[in-house]
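This briefing goes through one protein chain, from its surface to a single residue. Look over the sequence and the structure before reading on.

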Amino acid sequence: QVQLVESGGGLVQAGGSLRLSCAASGRTFTRYHMGWFRQAPGQEREFVAAVKRSGGTYYTDSVKGRFTISRDNVKNTVYLQMNSLKPEDTAVYYCAAGGGLVITTASAYDYWGQGTQVTVSS
């Protein structure tokens, strides 16, 4: 069992930056791929970024060059550095852990955090 707790969300102006953190409980952090998803009101949850157990990273096209995902296997924490934020980045951001093959899909993840709100004003 893995418990995930996100933090770092908030309100920021367009062009600003935020860093989300996701702290994982347990000793098995390195077994899992870690991902970030987001869900805007009235929309489906969508993939944002992922970092594999091996360290490889993946991003959805809309955030490439602006967001950076990283993991600290000592602190059992995954981060999402978000720069040049846009109003369309506004959503609840969820951290996820899992071992599935297609890490850009929600079905690859078994554990989810409660979410943290990110609001970008224009």
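The protein chain exposes about 6,300 Å², and carbon and sulfur atoms supply 46% of that area. The model is predicted, and the values below are computed from it.

**Surface and charge**
- Of the 122 residues in the protein chain, 44% count as buried.
- The protein chain carries 12 positive and 8 negative side chains.
- The centres of these two sets of charges lie 9 Å apart.

**Strands and overall form**
- The protein chain has 11 strands and 0 helices.
- Read along the sequence, the pattern is therefore β-β-β-β-β-β-β-β-β-β-β.
- The C-alpha trace spans about 40 × 25 × 25 Å along its principal axes.

**Contacts along the chain**
- Contacts between residues at least 6 apart in sequence can be sorted by how far apart the partners are; 57% of them join residues at least 24 apart.

- Asn-76 sits in the loop between strand 7 (67-72) and strand 8 (77-82).
- Is Asn-76 buried or exposed? Asn-76 is buried, because its relative accessible area is 16% and buried means under 20%.
- Leaving out residues up to four places away in sequence, Asn-76 touches Cys-22, Ala-23, Ala-24, Gly-26 and Phe-29.

Key
Residues are numbered from 1 along each chain as its sequence is written. This is a predicted model: local features need pLDDT of at least 70, side-chain atom pairs count only at pLDDT 80 or more; totals for chains, interfaces and linings use all residues. Side-chain values use heavy atoms; hydrogens and water are left out. Helices (H or I, at least four residues) and strands (E, at least two) are DSSP runs, numbered from the N terminus. Buried means under 20% relative accessible area, exposed over 50%, partly exposed in between (1.4 Å probe, protein chains only). Contact means heavy atoms within 4.5 Å. Accessible areas come from the Shrake-Rupley method with a 1.4 Å probe; for residues, only the protein chains shown count as cover. Lys and Arg count as positive and Asp and Glu as negative; His and the chain ends are not counted. The place of a charge is taken as NZ of Lys, CZ of Arg, CG of Asp or CD of Glu.
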